[in-house]
Amino acid sequence: FPFPYTPYLIQEQFMAALYGALEAGGVGIFESPTGTGKSLSLICGALSWLRDFEEKKQQEEARVLALEDSGQEGKKVVASVEPGHPASKDTAGEPDWVTAFVQKKEERDMVDRLKEVRMRRKKREDHLEKIRHNVQLKYTAKRKRAEEDETRRLLQLSKEVLSEGAGEDVTEKLDHDEELILAEYESDEEKKVVSGLEEDDNDLEEEHVTKIYYCSRTHSQLSQFVREVQKSPFGKETRLVSLASRQNLCVNEEVRRLGSLQLINDRCVEMQKNKHEKKSDEEKAGQKRHASHTTTSCPFYSYEQMQFLRDEVLVGVKDIEQLVALGRETKACPYYGSRYAIPAAQLVVLPYHMLLHEPTRSAAGIKLKDQVVIIDEAHNLIDTITCIHSAEVSGSQLCRAHSQLSQYMERYRKCLKAKNLMYIKQILYVLERFVAVLGGNVNQNPSCQAVPQTGTVLKSINDFLFQSQIDNINLFKVQCYFEKSLISRKLFGFVERYGDPATAVKTNKENQKLAGLQNFLLTLQQRSDTEGDHPPVEAENEQLRASSPLMQIEGFLSALTNANQDGRVILNRQGTVGQSSLKFLLLNPAVHFAKVVEECRAVIIAGGTMQPVSDFREQLLSSAGVDPARVVEFSCGHVIPPENILPIVLCSGPSNQQLEFTYQTRDRPQMMDEIGRILCNLCNVVPGGVVCFFPSYDYEKQVFAHWEKQGLLARLAAKKKVFQEPKRASQVEQVLVEYAKCIKRCSQAEGQLTGALLLSVVGGKMSEGINFSDELGRCVIMVGMPYPNIKSPELQEKMAWLDKTMPRAAGQPPSRVLIENLCMKAVNQSIGRAIRHQKDFASILLLDRRYGSTAVLNKLPGWIRERTQVKATFGAAFAELRK
């Protein structure tokens, strides 16, 4: 395998196992701890396979074509080029000459297809090579754009000159004329481009070459992966494209300023519609066209510029930031330009949801048939799939959507076809029934309606539909109407134009009809402004999310089309109808993952900490119907020497207090005192940074307050400066910077302080994706076992479902296994924060005697488990730590 440096043995083993899994078309679960160069191993192993696969395919094609030219072609040889090619039709009972004719025709068709594929490939490669080496071509698009800008400038200038002293009607006419001239100019330019590219590029857009889809959780992880590709031996020859949301890729400042993803999406679609729409009803009637921002089209949505950007993306590896910079420079939309590059790309880098959510996948133009998928950082894959396919709507959103849709129907009743009117009425009825189930009425303000009976109730999908009295409505047809009519987006445009509560109500008849809607929206806005329970940022985000409520409801209705046994509906009645909500909870994520596995040639699930893997095997792969023989498991050790890590299970503290932090015992003063004493002893001998993880924010606060009262906090602060993990994500970076600065300062200046102590929370902002390397994390402490809240209705329903559908494992009910696995996944993620590279070293202290049981120890990562020591007394553990 090509590699930028001499690989470790475990990296060679990882790449070989990965290559084998891809070659066999398997489903792999790969674990490689952080610090072992997992990303590079994935890149070099997977791209080596892709290179060899393409070479073999081309050699086979050349062999078949050579045989065809010499007249020796055979059906078996031809079929071997495309394993998925259907066998010849059943010709049993036909005369021999018919069978021979059918076979001959299939062979000729196959050979013709091969010739066409080779010709297209050659055209694409020549085209990209020309762009790569021809500097003049790179500036052609810029020049075209400059001409268009100049045209706009001259039109604006002439308008200003002509409008001086002119009335409002003349100015409005000039605005309209300007739009027509620009539209005509853009149309001409597009025609030129299309005619010029018709022969080459349009053909190329059709073919999806064999490729690897790589997805991870966050955009920063994806950018980091792309930078690794750039540094790898494959950096110059790989055609890579990065996909992301409009929020990350939009370069139109007017749209970016909207902030909310939903608002950005809706505004973008509206601007596209304005660019391509035919004359409006008002123009047909000969009325004046109103100058409004809703008639603006996006200047970056240019076919020619996006084709240029597509080519630039394919000739050089670029991450999301570089793609956005290129979009600004060329005045082309990176969001759509990157999608044009998908068919010809060899490596597509994208976030989880774009690949795992079928409608998003389809909208992005992603085709998984016979492709390879690598899902990295996959320790939360089951939760991610569950979250993506679950949906929640509040009573406030339901009432708001009903009000908006009613106004829309009244406004356009005469223009709507009978079938469309019927579906809108069905949606309105569904909304009425949903609000009624929550105990309210759609015609009243949801914030003023008290719920008669509060509490949380779980229902099966069928029971919920019966209770709502909508079991007679075909939700599949309603879903199809949503998709085809784009009613959610149309409604957003309608409200944006007529129903904005921030604008004054106009006096004409049309807007008088909408006064009720505007007053209702204004009431909701005022209420959200006066609520003081939530931070201002969260209130603002909630307001933005609620901007297009029908979109949320569309997702909820879509979720209700799942099979009855695969999900549950949670009715959460709280205080008022507006605060109450309906939530769909997906219980069987394998249903949606199965579609990915069925289509793909191979699927690799990778991560730094994948233990325990039984969840992936049982809940995902087995339930998705994957043949166990197809599943490949690989787990490698760490590159650090054994003496660089010291994991200890501590059963009792300095005062011989037994350590078992159950929900019943952990609040006792003596238990909290014992944690403080342990930390005081550790801080005396551990240099640099100490990170201590608590099961929850509440418990961390409780312990901190107790230490403050007992004077333990002052003793700790004498040796280490104490930091606490903030609840707000925006403050995390600041705390980490201060923590690192303190450790650096203490290491340089000899004083009483030896570093810093960071009190963190399992599952919080610092338990994943944060590097406590070197001096930042010389000791990681886990207080107790962070079991999830077993009283949660969602978790209880999931446990009941698992007990009903999954087989018992080693005598334990599946629900018990789930609870233990959730706990240990959280532990493994947290303690893995410390060792980040080959020369790093740290101690890991697990404060709870239950960690010493064989069942729990077996769920630790192998490289930690094999070095773990169980110590019954604090003295023995402290002696080891001191060493």
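Modeller: One term to start with: two strands count as paired if DSSP finds at least two bridges between them. Also, this is a predicted model.

Colleague: Then which residue is the bridge partner of Val691 in E16?
Modeller: Val780 is the partner of Val691 there. The strands involved are E13, residues 688–694, and E16, which pair in the parallel sense over four bridges.

Colleague: What else does E16 pair with?
Modeller: Strand E17, residues 842–847, in the parallel sense over five bridges. Within that pairing, Met782 has Leu846 in E17 as its bridge partner.

Colleague: Is E16 mostly covered or uncovered?
Modeller: Mostly covered: five of its five residues, 779–783, are buried.

Colleague: New topic. What is the strand order in the sheet with seven strands?
Modeller: The order is E3-E4-E2-E5-E10-E1-E11, in an open sheet with parallel pairing.

Colleague: Why is one side of E3 and of E11 left without a neighbour?
Modeller: Because E3 (240–242) and E11 (631–635) stand at the edges, each with a single partner strand. From one strand to the next, the twist averages 15°.

Colleague: And how many bridges join E1 and E10?
Modeller: Five, again in the parallel sense, between residues 27–31 of E1 and 602–607 of E10. Val27 stands opposite Val603 in E10.

Colleague: Which helix lies across E1, E10 and E11?
Modeller: Helix H29, residues 614–622, and it runs at about 155° to E1.

Definitions and conventions
Residues numbered from 1 in each chain as written. Predicted model: local features only at pLDDT ≥ 70, side-chain atom pairs only at ≥ 80, totals over all residues. Heavy atoms only, no water. Helix = DSSP H or I, 4+ residues; strand = E, 2+ residues; numbered from the N terminus. Axes fitted to C-alpha atoms, helices over the stretch in contact; angles between N-to-C directions. Contact = heavy atoms within 4.5 Å. Buried < 20%, exposed > 50% of the residue type's maximum accessible area, 1.4 Å probe, protein only.
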